[in-house]
Structures are given as C-alpha cells and as structure tokens.
Amino acid sequence: TYDDNFGNIVVNSDTGRAKFISLNGTVHKLWPGQRATILNVNDVWKIEKPERWKLTAETIFYVDTVNGNNNNDGLAPGAGGAWKQEMNLYTHIVESVDIGGDFNFIMQLADGTYTQGFHLASVLIGRDGGGNFVIRGENSTGTIIAPTTTSAMGFFTGQCVQIENMRLEASAGSCIDSAQGANMLYIGQNIVFGDCAGNHINIGDGHCL
C-alpha cells in the first residue's frame, strides 16, 4: 500500500526504446531519456510528464503493415517495435514529438501493400527547414502504397519531404497530390508510379518539385 499522498520519479534510461506505464486503465508512453512524476493523490493515481519527446539525433520510425502494431513505439523494426499504419504513426508523431533540428528524421516502411492514403496536412513540430524528413521504403517492388478510395500521397500546408524506394498506386485518385501552401517535394531514388485513376503528380502554384 502507499500513503494517501505519494510520489515517485520514473526515468526511462533506455536510449533507444520507449517504455509504457499503465495507470488507471490508460497506457502512457515514456520516450527515451524522458522522466515522469507518478503521484497518488487521495487514492487517485496521476502522471506528470513532458508533453513532447525532443529528438537530438537522426531518428528512424518504423512502419510494417504486415507485422506491426499501432500500440508499439515505432523505434524498432518488426512485430515488437514497428507501427502498422503509416498515417497513424505520422499523426502520433505530430502530436507527441518535437523533431528538434536539421538532422534526418526518417519513416522507414517495410515491404507490404499499404492501403491507407498517406496525406500530410499537419506540419511536424520543430522542423528546421530543408529536405530532412524522409519517407523511405525497402524497394520499389515490395513497398507499395495503394489506397482504393483516395490518392496515394498528399502533401499540404507547407510540407518539405523526400520520398524514395517505393511504388505508388491509386485506383480512385492520383499518385501524388501537392496543394495548399508551398510544399517542397524531393522525389528520390527508386520511385515507381503505378496505375492511378488521376495523374501521376498534381502540383499546385508556388510549390517546388
């Protein structure tokens, strides 16, 4: 048992993986190097922790539509680490992570067919410009983004992204839409444009390709 008013400081000393704290039926993620204060106030457990994890070096987040799980931390490949859906991971990073500089931030997609459209409408926090946000597949034959109801990729609201090593398909849209605010898109090595109902690339005024 604990005193009515009890507190403890928990530190994640793991430099590579997040740790999970289950409290009152809610799972809280403690990123590498973060600390949290866990309190029991009048028999009610509470947690106080930093709102965002600030990156200090190049970081790879892994996505694996075959073996991943959206409850993982995304900081290792395969079943025990990777997320399942790329857009869910991107949304989680926008809400929880401070990219914190001009080093590379990479989303690594394992081989598989991703049926969720990758539409980036929220800008990453802490970006320092340049093409340091990379979305990278394993190769252009095994990593396929192929939604059935929308375009494969959409870039909106001033995104700056490099894509490489994947195939883009869209039976009900375009392979790439770039609109709404001065996006900068780097099309890197091994990008294959597959069948799509619209254009391979739609790009708006003031954008850079």
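1. Let me begin with a backbone contact: a polar atom of the Thr-143 side chain sits 2.9 Å from the backbone nitrogen of Glu-138. Please keep in mind that this is a predicted model.

2. Which side chain does the side chain of Thr-143 meet in a polar contact? The partner is Asp-111, at 3.0 Å.

3. Is Thr-143 buried or exposed? Thr-143 counts as buried because its relative accessibility is 0%, where the cut-off for buried is under 20%. Thr-143 belongs to strand 14, which covers residues 143-145.

4. The surroundings of Thr-143 are worth a look too. Leaving aside residues up to four places away in sequence, Thr-143 touches Leu-109, Ala-110, Asp-111, Gly-112 and Tyr-114, then Gly-137 and Glu-138, and also Asn-165, Met-166 and Arg-167.

5. Elsewhere, three strands form an open sheet with antiparallel pairing, in the order 1-4-5. Strand 1 (5-11) and strand 5 (44-48) are the edges, each pairing on one side only. On average, neighbouring strands in this sheet are turned by 20° against each other, direction ignored.

6. How many bridges join strand 1 to strand 4? There are seven, and the two strands run antiparallel, with strand 4 spanning residues 35-41.

Terms used: Residues are numbered from 1 along each chain as its sequence is written. This is a predicted model: local features need pLDDT of at least 70, side-chain atom pairs count only at pLDDT 80 or more; totals for chains, interfaces and linings use all residues. Side-chain values use heavy atoms; hydrogens and water are left out. Two strands pair if DSSP finds at least two bridges between them. Helices (H or I, at least four residues) and strands (E, at least two) are DSSP runs, numbered from the N terminus. Axes are lines fitted to C-alpha atoms, for helices over the stretch in contact, and angles run from 0 to 180 degrees between N-to-C directions. Buried means under 20% relative accessible area, exposed over 50%, partly exposed in between (1.4 Å probe, protein chains only). A polar contact is a pair of N or O atoms within 3.5 Å; within protein, one must be able to donate a hydrogen and the other to accept it, and residues adjacent in sequence count only if both atoms are side-chain atoms. Contact means heavy atoms within 4.5 Å.
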